[in-house]
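Please take a moment to look over the sequence and the 3D structure shown below.

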Amino acid sequence: MSQNKQRLSWLEMLKVNQRAYLLFYKMYPRMILSRFALIIWKALTPYVGIYFSALIIEELAGAKNPGRIRFLVLLTLFLIAAGSLVTALLEKWKNVQSAGMWLKIKKILSEKLFETDYVNLNETKNMELYSAICQNHNSAGWGLYRTLEDCEALCQTVIVILGGASLTLSLFTSQVPESAGKYTILNNPLFVILIALIMLAVTCISPVLAGKAGRYLTSLADIHNLGNRMFSYYGHLGYDTKKAADMRIYRQDKICEKYNLNKESTFGSRGVFARYQKGPVGFYLAGASAVSGIFTGIAYVFVCLKAWAGAFGLGAVTRYVASITRVYGGISTLITTMEDMRSNAAFLNMVFEFLDIPDHMYQGSLTVEKRNDRKYEVEFRNVSFQYPGSQEYALKDVNIKFEIGKKLAVVGMNGSGKTTFIKLLCRLYDPTEGEILLNGIDIRKYNYREYMTIFSVVFQDFKLFSLPLGENVAARTNYDRELVTEALEKAGFKQRLAKMPHGLSTCLYKEYTESGVSISGGEAQKIAIARALYKNAPFIILDEPTASLDPVAEAEIYEKFAEIVGDRTAIYISHRLSSCKFCDKIAVFHHGTIVQTGTHQSLLTDQTGIYHTLWQAQAQYYT
Amino acid sequence: MFTKSNSTPKYNTFQNIGFMIRLAWNSDEKMVLVLCLLIALLSVAQNLIDLYISPVILDAVENHVPVIRLLFTIAGFAIASMAVSAALTYARQNSSPGRISVRCEIVNLLNRKAATTAYPNLEDNRFLKLLEKSNEYTNCNQEAAGAIWETLTLLLINLTCFFLYGSLLTQVQPVLILVILATSGTSYFLSRHLDSYRYTHLDEEAEYAKRMLYLLNQAKDFGAAKDIRIFGLCTWLEELYEKNLEAFLAFHRKAEGVYLWARIADVILTFLRNGTAYAFLIYLVFQQEMDVPAFLLLFTAVDGFSSWVLGILDGFRTLHKQSLDISTIRECLDYPEIFSFTDGIPLKWETQKSYEIRLEHVFFRYPNASEDTLKDINFTLHPGEKLAMVGLNGAGKTTLIRLICGFYDPTAGHVLLNGTDIRTYNRTDYYTFFSAVFQEFSLLAATVAANVAQTEDEIDQKRVEDCLEKAGLRAKIKSLPRQYETCLNREVYEDAVLFSGGETQRLMLARALYKDAPFVILDEPTAALDPIAEADIYGKYNEMTQGKSSIFISHRLASTRFCDRILMLGDGKILEEGTHEELLNLGGKYAQLYEIQSKYYREKTEMNHTDMSKFTDREQTKFVYRKGEGRNVSE
């Protein structure tokens with residue numbers, strides 16, 4: 001992450017923070033308002049206490065008028081109580097609005113992932129960016145969360161400084177009486193300015209030192225994140241029950257132990273962080289906190305000398321010291337916050353780089369005509385495709401026309417381009433060259449969502465969610481139970497469905513809820529097929545749908561294949577060439593091109609063809 | 001999590017503090033303890049400086065002491081404050097690495113327990129729950145295993161200050177102490193009471209959060225991205241997210257609504273406390289028993305004292321909770337083992353000895369199951385024999401393998417290694433007898449070489465290269481820029497190389513070869529390989545099992561033909577047993593399954609498969625295949 005290391009200008013820093021803050025405001029306006037109100041209120045209320053208790057002390061040290069003291073005490077108590085009541089209400093508001101903040105921030109990033117072009121997800125660069133953003137967020141709230149805190153801190157410190165300064169102003173203007181002799185120098189404007197400057201200078205030392213320490217730590221962000229990944233990996237490898245057998249046979253607990261007990265690891269007692277903390281980071285921060293002592297000393301000296309010389313009474317001393325210390329704290333925080341915003345700007349830039357990943361897919365506006373006769377004709381014309389960043393063609397000059405209502409089998413070795421072919425057809429990618437036509441029109445000209453409606457796909461690595469079974473099939477919360485049941489029955493899930501504790505409402509797997517039900521790979525595959533059937537799209541595409549089924553279940557699917565697909569146009573990818581026999585036509589892929597097409601019988605007669613080779617590799621066991 | 005159960009924890013607070021201190025002491029992190037004491041001491045000192053600075057200086061001003069004394073007083077305080085706060089900051093900064101190291105000790109103990117515990121424990125919900133909780137309590141610095149040091153330090157500070165401030169106030173008026181105790185105590189217990197709604201419903205809140213997190217995490221799942229787009233799942237997931245968020249917020253609204261009363265009560269009690277303090281102290285001033293600086297000192301002390309009271313109450317509560325958490329961790333670590341480990345007979349295999357495994361009347365029933373998964377299994381894996389195990393999904397193949405590998409013990413009957421029940425041996429030693437390729441494997445976040453050798457120390461580089469060569473992966477590794485030092489596993493290394501399914505399969509083979517144990521277990525090669533890669537992998541399996549006893553599991557019957565004997569499993573029993581030919585001749589289940597699979601491959605569907613001449617052909621194929629020429633399938 002080289003971008004963290006180069007520091008951004010103040011202007012860039014402000015711009016990027018502003019953008020982030022506005023993004024929050026747009027997404028969660030009430031949360032922002034509630035937090036803001038509380039911040040301002042909390043910055044102001046302490047001054048009430050400072051101001052009035054000083055008056056009480058003044059009165060006690062001076063006139064001691066019982067009536068006035070009673071009045072002052074009651075007023076102070078009531079004002080503080082009233083202030084606290086408002087704080088309580090504001091806190092309630094803020095807490096409710098800010099609940100689940102962490103999730104709300106994640107939502108902003110997830111939305112991008114849900115909506116961006118598929119091709120963007122396939123780019124390692126983008127996913128690494130996403131994972132870096134998440135890790136930075138988890139490690140110390142870098143990124144969006146820091147912005148929120150920083151902007152609020154900025155606002156709060158400004159108010160603290162203004163409030164404190166207004167209570168302190170008279171400290172500098174009040175005059176020592178002429179009778180004080182040499183102490184009248186305290187009245188000299190030059191002397192006053194000098195003192196103020198010294199105070200200001202001292203105020204700046206602490207954040208500068210803290211900033212130096214902070215920079216050491218931000219420079220370690222990458223190491224920090226790697227350390228965290230190592231920790232969560234080796235610290236928990238043994239927990240993964242799926243890996244339990246491997247773990248025991250290969251004694252992987254030993255290598256875990258080596259990493260877990262390594263005191264020189266990133267966060268360990270002899271690790272890089274420990275070294276920095278013992279060294280520069282520790283010293284800078286210790287220095288930074290020591291400076292406050294100097295400031296307090298100077299403030300007391302100035303205030304007390306003036307009081308000693310007779311400029312004001314004891315009450316004022318407490319008030320001045322309390323408020324000037326707050327001003328000091330305010331300025332320190334202001335500078336640290338600005339520093340922090342600047343460090344954070346680099347992390348924010350990553351967030352925006354991610355959110356701004358362009359979607360290049362042309363989004364056409366043509367609607368896909370609804371046809372009851374399902375006469376959707378798709379044709380690949382001279383289609384070639386390179387994966388982003390790759391020089392090699394995953395597909396080269398593919399020409400094929402899908403005949404309506406026919407079943408096409410796609411075969412070939414791993415990496416021959418079968419799945420890529422399907423992904424292009426479903427417009428997960430756009431071709432690099434050539435075009436794909438739907439009823440004679442380039443598919444890019446159609447509205448993306450509408451185009452998607454004509455396909456049902458069961459991918460090899462299909463995904464079911466740990467959500468209710470029925471919803472998984474129907475892909476929505478409100479669905480037609482009968483249709484879903486019918487689809488499941490067609491996919492061969494009938495018997496298992498009867499055993500589901502809550503029928504269609506049974507949750508799959510256990511991630512979403514404890515009461516979820518575990519299903520086997522074969523059962524999952526059947527549900528995925530049911531989902532494809534429920535969608536009832538004119539095209540149905542099955543990518544290795546029987547991979548995790550045993551021979552009997554596999555045979556069942558084969559036999560019901562015709563029934564399952566009905567009058568749809570079907571495309572079937574499989575390594576089990578046996579399944580091709582059910583198809584009307586077979587396309588053989590090799591190195592990204594279609595090398596053979598034809599029926600099973602005709603392809604098999606070509607003894608030199610790839611199909612024959614593939615067939616023999618499997619058939620040898622059975623002949 | 002809040003432990004609502006009324007069962008008493010196994011260890012009490014003192015025992016758990018002792019446990020943590022011993023852990024720090026024994027793992028050579030004594031600095032953790034020293035720093036706790038130092039931080040507490042410095043914090044108390046800082047507090048006293050803050051308490052006295054204002055009154056003492058005011059006193060000097062009020063009494064008009066000589067300027068030089070005034071300046072010295074201020075300078076004294078300033079220097080003391082600088083020294084103490086610098087030391088405190090430095091000590092605090094340096095406290096975390098040691099604490100993390102101690103926490104890592106626990107992380108390691110837990111991980112080791114999980115990684116080595118008797119396999120059935122991993123299916124025991126009570127153990128899993130303990131493990132999950134323990135993990136939660138050690139997962140970050142803010143959880144019990146890391147935070148207890150801070151709790152103890154704070155308690156120490158609060159208690160010391162409580163006594164110091166208390167003695168200060170007693171000198172003036174003990175009644176004040178009672179007032180503070182009463183108001184602070186009431187406020188504390190009231191707020192605890194009102195906050196209990198949130199605490200008792202923490203699980204509910206966590207449930208919503210977990211669900212939302214699950215839904216959001218689907219966005220980054222590249223595997224799900226295709227389905228999400230094709231089926232337009234985004235709206236569905238979004239709807240569920242919003243639904244959960246609404247429930248989550250409603251919960252917080254309610255909890256905060258209740259808690260608001262605690263805040264209001266606190267305002268009133270603070271009002272009363274401060275009112276009393278003002279009234280009383282001002283009275284003393286009027287009685288000429290106290291001057292203004294003393295008033296200031298005591299008024300600050302009243303405020304401070306009440307915060308120490310709250311701090312102590314809160315500290316003990318936190319300590320109690322953290323002690324419960326640590327007790328859970330220790331219960332998990334103490335969880336009883338049903339296998340013999342270090343208490344079993346040690347076992348070490350020798351190259352010149354031959355080993356056989358025999359199963360005698362083995363029955364197995366999963367806990368809480370109503371039926372036996374395996375019923376009266378008897379067979380012997382002879383030295384050097386290649387055994388295949390076939391059967392439909394759910395026939396009991398996986399369970400049987402787990403019994404042989406010693407992951408389960410039979411419900412009845414025996415698994416014998418050279419005639420001795422494996423239960424008598426150290427189970428960890430027994431595992432060294434197996435080289436296995438399971439369907440679910442664990443790819444280490446380490447180099448290729450370490451993944452083959454399964455260690456990072458003393459890697460026999462020559463052997464690594466040989467094994468990769470035999471597994472057919474060496475050329476690929478050589479083509480990588482960092483070769484054998486290439487890192488694997490994207491979970492940890494961002495620059496890790498991703499292997500395809502077939503390549504990973506070969507890596508797992510190389511690993512099994514490297515281990516070179518007497519028994520080889522091969523569980524169903526991935527179904528996603530193309531026919532040629534598949535044939536090649538079968539060939540590799542065949543080669544690597546030469547001279548070893550091996551068990552090969554598959555539901556591709558064809559692939560089992562290079563085995564000496566086939567066990568056909570069904571309904572938890574061995575239905576048939578014999579060579580491929582014998583089983584076909586038997587015309588039972590195996591023949592039936594074979595028929596289902598092979599019929600698609602027969603060019604003429606009406607082929608007569610009982611034709612004896614065909615069998616000799618098959619034997620020929622098998623012979624050729626064994627020589628490793630099987631992969632030259634394209635004649």
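A salt bridge, as the term is used here, is a side-chain nitrogen of Lys or Arg within 4 Å of a carboxyl oxygen of Asp or Glu. The model is a predicted one, and in chain B it places B:Arg423 and B:Asp421 in such a pair, with their closest N and O atoms 3.4 Å apart. The two partners fall into separate classes of accessibility, because buried means under 20% relative accessible area and partly exposed lies between that value and 50%: B:Asp421, at 14%, counts as buried, whereas B:Arg423, at 30%, is partly exposed.

Salt bridges can also share partners, and in this way A:Lys42, A:Glu91, B:Glu256 and B:Arg263 are joined into one network. Over all chains, a search of the whole structure finds 48 salt bridges.

Another of these pairs lies in chain A, where the side chains of A:Asp253 and A:Arg251 meet with an N to O distance of 3.0 Å. Here A:Asp253 counts as buried, with a relative accessibility of 5%, while A:Arg251, with a relative accessible area of 25%, is partly exposed.

A further salt bridge links B:Asp221 with A:Lys463, and the closest N and O atoms of the two are 3.0 Å apart. This pair crosses between chains, for B:Asp221 sits in the loop between α8 (202-217) and α9 (222-230) of chain B, and A:Lys463 in the loop between β6 (455-458) and α18 (469-474) of chain A.

On the side of α5(A), the contact is made by A:Leu103, A:Lys104, A:Lys107, A:Glu111 and A:Phe114, and on the side of α10(B) by B:Cys234, B:Leu237, B:Glu238, B:Tyr241, B:Glu242 and B:Leu249. Sorted by class, this contact has six nonpolar and five charged residues, and no polar ones.

Finally, chain B can be viewed as a whole through its domain assignment, which gives domain 1 (13-333), domain 2 (357-579) and domain 3 (587-635). Between domain 1 and domain 2 of chain B, the C-alpha centres lie 51 Å apart.

Conventions:
Residues are numbered from 1 along each chain as its sequence is written. Chains are lettered from A and ligands numbered from 1 in the order in which they are written. This is a predicted model: local features need pLDDT of at least 70, side-chain atom pairs count only at pLDDT 80 or more; totals for chains, interfaces and linings use all residues. Side-chain values use heavy atoms; hydrogens and water are left out. Domain bounds come from an automatic or database domain assignment. Buried means under 20% relative accessible area, exposed over 50%, partly exposed in between (1.4 Å probe, protein chains only). Helices (H or I, at least four residues) and strands (E, at least two) are DSSP runs, numbered from the N terminus. Contact means heavy atoms within 4.5 Å. Ala, Val, Leu, Ile, Met, Phe, Trp, Tyr, Cys and Pro count as nonpolar, Asp, Glu, Lys and Arg as charged, and the others, Gly among them, as polar.
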